[in-house]
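This report covers the domains, sheets, loops, chain contact and nonpolar core of one structure. The sequence and structure come first, and the description follows.

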Amino acid sequence: MAHLLEAKNITKRFGGLTAVDNVSFHVDEGEVVALVGDNGAGKSTLIKIISGVHKPDEGEIFLNGQKIHIDSPIDAISHGIETIYQDLALAENMDVPSNIFLGRERTKKILGFINVVDHEHMSSESRKVLDRLDIRIPSLKSNIRNLSGGQRQAVAISRSIYWNAKVLIMDEPTAALGISEQKKVLELVSSLRKQGIAIIIISHQMYDVFSVADRIIVMRRGIKAGERLVKDTSTEEIVSLIVGAESVEKRSQ
Amino acid sequence: MQTETVEKKSALPELLGRNWIAIFIVLLVAFFSVVARSFFSFDTAQLIFFNGTEVFLLAIAELFVIITGGIDLSVGFVMGFATVVSSKLMVAFGNLGFSPLWSILAASAVTLLIGLVPGLVNGWLVAYLRVPAFIATFSMLGVTHGISELLTQGIPTKNLPALAGDIGNGSFMYIAPGGAISFFSRPQVARGQSVLAIVPNMVVLAFLFILLFAFILGKMKFGRHLYAIGGNIDAAIRSGINVKRDLIKAYVISSLFASLAGLSYVMKYITGKPDAGANMLLEAIAAVVIGGASMAGGSGTVGRTILGALVIAILETGLRIIGMQTFMTYILVGVILILAVIIDQVFPNRNR
């Protein structure tokens, strides 16, 4: 059976620098894949290729076995590939429903021809998606700036899920959070997995990686340095792969 | 949507901080009423709105751009440009044989169309060429001022159709002593009897536009997008909002309202001159900021901006009634503007 998302032989160069060098990976429904590696290892570039920010110089991307072209972030979203960057891309001056529906506001007609933003509908839909993910936010009317870091992350995730993300890419989702909030976000990731969403997480936190991921892909200097199932590996092995202490694996093809 | 914060702990100081404009307006009215007995009247209330029409329009012009995180320094001279263009056109259409009414209507329509151009250019510079709004609109201030001066050669436009003044200084509705109601034209009554005039025409016209755009800003997608752009432009871009197009629209709306202010001026004072709105930039920006908008963008509403403009309008007319010089208004507006910002620093949650 074809993988939900599969990237084959992705290469991306910036001038003389090969940021991603012939990397292949895949992620399946209900699977969490962690992408780890030192700074500059090419994780972010790889993610940006999948999410449509960069175009690969070489390589192909398949969704359910079908080759797809991702030329822009909008293309990625239309294929159900949603990315949550570290800055979350929320409008802090607006409330929760406005952010979940940002750029895709629901409207209703009044007087038969004027489209006005339908706040009630957006609020009730937001409530539904938050409940589904078991996220508690006291008031949807709160502006994002009045929410905690974890709640903001939750809103960003809810937005992706509401718009039917099949593949969710998260860049350092716990980096800016306190301990208890980190835990909540990781729980959220687990519950997303149960709902069949494929998740790719970039993280530096070994604890996070080992607590939520099924599989770990290690990148080093643009190449895939290794791939391990969480149940078959240890923190020590992953760290040594990241820093390159072990002999470099043959590039998997 | 400017929702209230969830915290219900708002103590008295915070409540005052949030609603100080309303309180300030009451105090201002009380002050003038005490100093000048004649101040507290229906006629004065109408006069405040009549004198303040251009301030209201320019404040709304500024609001649309400030919400996006920009600023429009050109509104005053776009207004002046509109007074020159519309007055010249009224005279020209009259010379072509148009009736006074048609001259006025045609000139107004053409002026509003031409008035979109400065906004289009501003918006294009800001959105596509990434020129800072301050620079783009500051340059437009110079350009519109210069063109207006070229058109007038230093002589304010004269010989406008008398009808323009009748409309500009007329009211929407009149009630004659017997209770007879007539619209737009003052009924003939016996000497010594007074006719009750209700709502100056220009105020009606201004608020029709203001209400329409309040609806667009508060209820429609485009309005929501302006707040999103002002709040986090990157988020707006990534969420698929057509940020460039929306920015251009914001500047065009600003220009449209500045041109409306120009038309209002021409109809009221039956002349057009380049510097008609020269001193009004301060008042326009002050009204928006007093109304609680942040210069960083993402906040501000039409309703609160109107309150901000009302403060200025009351001051202007009130000071005139108690016999102060106009310059006093500038000083006080400047001081209140600073106070508004300080109050917002102290009560950062106002209006959120």
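Helices here are DSSP runs of H or I with at least four residues, strands are DSSP runs of E with at least two, and both are numbered from the N terminus.

## Exposed loop residues

The model is predicted. In chain A, the loop between helix H4 (119-132) and helix H5 (149-162) holds A:Asp134. A:Asp134 is not glycine, yet its phi is positive, near 60 degrees.

B:Arg130 sits in the loop between helix H6 (116-127) and helix H7 (133-152) of chain B. With 8 other C-beta atoms within 10 Å, B:Arg130 is exposed. From B:Arg130 to B:Thr329 the separation is 199 residues in sequence and 36 Å in space, taken C-alpha to C-alpha.

## Domains of chain A

The domain assignment divides chain A into domain 1 (1-80 + 166-253) and domain 2 (90-164). Between the C-alpha centres of domain 1 of chain A and domain 2 of chain A there are 28 Å. Domain 1 of chain A brings 11 residues to the contact, and domain 2 of chain A brings 11 residues.

On the side of domain 1 of chain A that touches domain 2 of chain A, helix H6 (residues 179-194) of chain A gives the most, with 6 residues. By class, that side of domain 1 of chain A has 7 nonpolar, 2 polar and 2 charged residues.

## The mixed sheet of chain A

An open sheet of chain A is formed by 6 strands in the order S6-S9-S10-S3-S11-S12, with mixed pairing. Strand S6 (81-84) and S12 of chain A are at the edges; each has a single partner strand, so one side of each lacks a neighbour in the sheet. On average, neighbouring strands of this sheet are turned by 20 degrees against each other, direction ignored.

Strand S3 (residues 32-37) of chain A runs parallel to S11(A), and 5 bridges join them. A:Val33 has A:Arg215 in S11(A) as its bridge partner. H6(A) packs on the sheet, where it touches S3, strand S9 (167-171) and strand S10 (198-202) of chain A. The direction of H6(A) makes about 150 degrees with that of S10(A).

## Two hairpins in chain A

Strand S11 (residues 215-220) of chain A pairs with strand S12 (residues 223-229) of chain A over 6 bridges, in the antiparallel sense. Opposite A:Val218 stands A:Gly226 in S12(A). The hairpin of S11(A) and S12(A) has 2 residues between the strands, and A:Arg221 in this hairpin takes a positive phi near 45 degrees.

Strand S7 (residues 107-110) and strand S8 (residues 114-117) of chain A are antiparallel and joined by 4 bridges. A:Ile110 stands opposite A:Ile114 in S8(A). There are 3 residues between S7(A) and S8(A) in their hairpin, and A:Leu111 in the turn has a positive phi of about 55 degrees.

## Contact between the chains

Contacts link 23 residues of chain B with 24 residues of chain A. Helix H10 (221-231) and helix H11 (233-238) of chain B each supply at least two residues of the side of chain B that touches chain A. H10(B) gives the most to that side, with 6 residues. The side of chain B that touches chain A is made up of 8 nonpolar, 9 polar and 6 charged residues.

## The largest nonpolar core

The largest nonpolar core has 165 residues. Those with the most contacts inside this core are A:Val167, A:Ile199, B:Leu58, B:Ala59, B:Met79, B:Phe257 and B:Ala284. Helix H12 (residues 243-269) of chain B gives the most to this core, with 16 residues. The core also draws at least three residues from each of domain 1 (1-80 + 166-253) and domain 2 (90-164) of chain A.

Apart from neighbours within four places in sequence, B:Leu58 is in contact with residues including B:Val75, B:Met79, B:Phe257, B:Ala258 and B:Ala261. Among its other contacts are B:Gly277, B:Met280, B:Glu283 and B:Ala284.

Terms used
Residues numbered from 1 in each chain as written. Chains lettered and ligands numbered in written order. Predicted model: local features only at pLDDT ≥ 70, side-chain atom pairs only at ≥ 80, totals over all residues. Contact = placed C-beta atoms within 7 Å. Nonpolar A, V, L, I, M, F, W, Y, C, P; charged D, E, K, R; others polar. Domains from an automatic or database assignment. Pairing = 2+ DSSP bridges. Buried ≥ 20, exposed ≤ 12 C-beta atoms within 10 Å, placed from the backbone. Axes fitted to C-alpha atoms, helices over the stretch in contact; angles between N-to-C directions. Core = buried A, V, L, I, M, F, W, Y, C linked by C-beta atoms within 7 Å.
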